[in-house]
Amino acid sequence: REMMDQVNKDSLEYTIQYLQDYQNRLWNSDNAFAASDWIAARMEALGLEVEQQPFYATTWLGSGQSAPNVIGIQRGTLYPDVYVVCGSHFDSFSYEAYYGEGDCPGADDNASGVASVLESARIMTQYEFEYSIVYCAYGCEEMGLFGSEAYASRCQQQGMEILGYFNNDMNGYLWGDQIHIHCIYPNSVAPIGNYYMNIGNVYFPDMPIEHKNLVGGDSDHTSFNNHGYMGIYPFEDVDHYSSFIHTPNDLIGNSVNSFEMSQRYCQMNIGCLAEIANLVGPGPQIQCNPVQNFAIDDHSREMSTVILTWNQPLPGSTGICDRFDVYRDDNKIAAISDMTYSVYEYTDTISVGVHANYYITAVYNDG
């Protein structure tokens with residue numbers, strides 16, 4: 001629960017926005033290679049053993065070298081050669097992008113899944129586990145699961161012992177008003193499906209989780225199942241998933257419409273990994289100092305303006321302060337990333353007579 005509670009919606013949004021901003025991540029494009037490098041750098045910054053696995057793909061739209069998989073390993077203290085794995089694909093697709101007539105930003109499919117994997121790694125690398133945890137980001141899923149096939153087949157060839165695989169693919173589109181999970185897997189791996197539902201029943205007993213079959217599509221869990229490993233795919237909804245995927249409109253807002261849902265899927269991913277990997281000892285003691293001397297000057301109330309001022313946090317935090325986020329009534333209205341000043345100021349405009357709560361958060365490099 002302590003780990004789950006650290007899942008940060010702003011951190012998820014940052015990753016999704018960053019990958020969306022590439023405009024397209026077609027499997028063999030320069031942008032896909034750049035995205036692979038960026039994900040690898042994120043994992044390296046967390047202290048993982050990182051590999052970029054190259055592979056060649058013969059797809060229905062041509063052949064060639066794909067943007068490489070990114071594999072990050074957090075070594076277990078007692079069983080370093082026994083693994084629990086989570087993964088996502090980072091490539092995106094649309095016919096508009098393929099024919100050079102538009103983009104494939106791929107916010108829900110599948111920047112949302114990459115965000116879940118990276119956020120899980122950010123939190124779980126603060127702890128030690130008996131078993132090793134592998135965090136994966138695959139290339140060339142949209143062309144036929146080529147990236148996960150390259151990795152899963154290698155795992156089988158090397159005789160890797162994998163206790164379970166948890167897929168992260170499309171978790172940002174909420175249909176209806178209740179967060180729910182459709183868990184996709186073949187009956188041959190029912191034990192891990194039941195395990196996932198048990199985790200949900202323990203931590204989120206009011207959240208519906210159903211075993212479903214996906215018709216007309218597939219994802220990277222199948223590569224692991226095909227090579228003898230138990231893998232499942234928690235999915236946003238088999239009947240009502242985002243209608244914007246594989247189009248230029250797979251964007252934050254219309255396709256990723258619920259960061260609360262993405263947060264829940266990430267929490268479930270962490271719960272499943274952590275229960276199997278087996279935590280060693282107490283968690284870390286994290287110190288994040290807040291901003292100092294926050295003040296609100298409303299002397300210009302006849303002009304409907306308020307001036308917010310604050311100072312840098314005191315030294316002593318365990319991370320490095322990256323930015324300040326400004327909130328009004330729990331809505332972020334500004335982000336300030338220039339950290340060269342000692343005193344900061346932000347001016348906001350509100351209607352006369354409106355009551356508002358303001359606060360400033362110091363956001364550190366670990367989220």
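Q: Which residue in strand 18 is the bridge partner of Arg 323?
A: This is a predicted model. Strand 15 covers residues 321-328, and seven bridges join it to strand 18. The two strands run antiparallel. In strand 18, the residue bridged to Arg 323 is Val 363.

Q: Why does Ser 66 count as buried?
A: Ser 66 sits in the loop between strand 3 (62-65) and strand 4 (69-74). The cut-off for buried is under 20% relative accessible area. Ser 66 counts as buried because its relative accessibility is 1%.

Q: Which residues does Ser 66 touch, not counting residues up to four places away in sequence?
A: Ser 66 is a loop residue, between strand 3 and strand 4. Its C-alpha atom is separated by 8.9 Å from that of Phe 146, 80 residues apart along the chain. With residues up to four places away left out, Ser 66 touches Trp 27, Phe 33, Phe 55, Gly 139 and Cys 140.

Q: Which element gives the most to the lining of the largest cavity?
A: The structure holds one cavity of 30 Å³ or more. About 80 Å³ of space lies in the largest cavity. Strand 8 (161-167) and helix 8 (259-277) are the elements that give two or more residues to its lining. With four residues, the top contributor is helix 8.

Q: How many residues in the lining of the largest cavity are nonpolar, polar and charged?
A: The lining includes Phe 166, Tyr 196, Pro 234 and Met 268. Asn 167, Asn 168 and Asp 169 are also among the lining residues. By class, the lining divides into seven nonpolar, four polar and one charged.

Q: Which residues lining the second largest pocket are the closest to its centre?
A: The second largest pocket has a volume of about 340 Å³. Of the 20 residues that line this pocket, the closest to its centre are Gly 216, Gly 217, Asp 218, Ile 245 and His 246.

Q: How many charged residues does the lining of the second largest pocket have?
A: Ten residues of this lining are nonpolar and five are polar. The number of charged residues is five.

Conventions:
Residues numbered from 1 in each chain as written. Predicted model: local features only at pLDDT ≥ 70, side-chain atom pairs only at ≥ 80, totals over all residues. Heavy atoms only, no water. 1 Å grid on protein atoms, 1.4 Å probe; cavity = no way out; pocket = protein on both sides within 12 Å on 5 of 7 lines; lining within 4 Å. Points joined across faces, edges and corners; volume = space filled by probe spheres on them. Nonpolar A, V, L, I, M, F, W, Y, C, P; charged D, E, K, R; others polar. Buried < 20%, exposed > 50% of the residue type's maximum accessible area, 1.4 Å probe, protein only. Contact = heavy atoms within 4.5 Å. Pairing = 2+ DSSP bridges.
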